[in-house]
Amino acid sequence: KLQRSVVKRLLIEPKFKAVPDNAVILEIGGGYNPRYVKARHPNAYHLDHCSTEELKAKYRADPSVAHLINNIQPVDFIFSGSPIETLIPEVLKFDLIYGSHVLEHQVDLVGHLNSLEKLLKPGGRVIEMIPDLRTCFDALRYPSVTSDALLAHFRRAPVHQGKQVFDGTSRVIDKNPGYRMWGADLDGAHFTNSLKRAYEAMHTAELPSQPYIDTHAWTFTPKTFRLLMIELRLLGLTRLAPTYVSQQYGNQFCAVLELAEKAGDGLSVAEIA
């Protein structure tokens, strides 16, 4: 708890406090726990998977969060499955794009990063809060690697495909403590789904015209996320460079991404190692 408090207070919060109140902000998937409230940040826009009233109805039905529905901000843009830049007027660009625990749900991670690039102002930045797989029900999964992201990008599928669904179903455990787990923390843990069920879900996901089924398609630690971003940049698939990736604290880590001049510019072996 002390480590979490120190990292949050000394390393993470100053990055948010440096954002001016009048900055043009896009918050993605803020739901009932938005960071940027329109009353304080008049130029904040919110993108979510459904309308304001639909969000309120959804979370009103959940006793654990029903008391938070008044935090839900008016939704400006509703995600439809299309690239998010197509939902937003071309003239609108952002000083900051913020997402908390949304990156791991994206179908096409590379495509999503490309969208964020197009929506940033020069000098703008992306801040992502990303779950550390070692702190949650993903603890027995392997970290996502660059080839996973490339495959999803090449397929251009509208929903999560078989491998993502299988990985996100087969290794989920019934522990989600919100801190980094070690050996003894896994005592008594059980898999939530049978291997057969995961296989069947994978098979179904590969059939044509399947509906979207939410899952953690991507799993990271701070080091593996930083490596993936560097490799995507070396391949010329993104101009977003990780200028800051925090250590794990609580159930997550913070990544700050900024536009580099060109993909792959200025990278050394030491940065990649």
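A salt bridge is counted here when a side-chain nitrogen of Lys or Arg lies within 4 Å of a carboxyl oxygen of Asp or Glu, and by this rule the structure has 11 salt bridges. The model is predicted, so local features need pLDDT of at least 70 and side-chain atom pairs count only at pLDDT 80 or more, while totals for chains, interfaces and linings use all residues. Residues are numbered from 1 along each chain as its sequence is written, and side-chain values use heavy atoms, with hydrogens and water left out.

One of these salt bridges joins the side chains of D76 and K38, at 2.7 Å from N to O. This pair links distant parts of the chain, with D76 in the loop between helix 2 and strand 3 (77-78) and K38 in the loop between strand 1 (25-28) and strand 2, 38 residues apart; helices (H or I, at least four residues) and strands (E, at least two) are DSSP runs numbered from the N terminus. D76 has 34% relative accessibility and counts as partly exposed, where buried means under 20% relative accessible area, exposed over 50%, and partly exposed in between (1.4 Å probe, protein chains only).

Helix 2 itself spans residues 52-60, and its buried residues are T52, L55, K56 and Y59. Seen down the helix axis, these buried residues fall within an arc of 100 degrees, so they line one face of helix 2, the arc being that of the directions from the axis to the C-beta atoms. An α-helix has 3.6 residues a turn, so residues three or four places apart point the same way. Strand 2 (44-48) is included in what covers the buried residues of helix 2, contact meaning heavy atoms within 4.5 Å.

A further salt bridge brings together K163 and D148, at 3.4 Å from N to O. Because K163 lies in helix 5 and D148 in helix 4, the pair ties together parts that are 15 residues apart in sequence. K163 is partly exposed at 42% relative accessibility, whereas D148, at 19%, counts as buried. Salt bridges that share partners join D148, K163 and D167 into one network.
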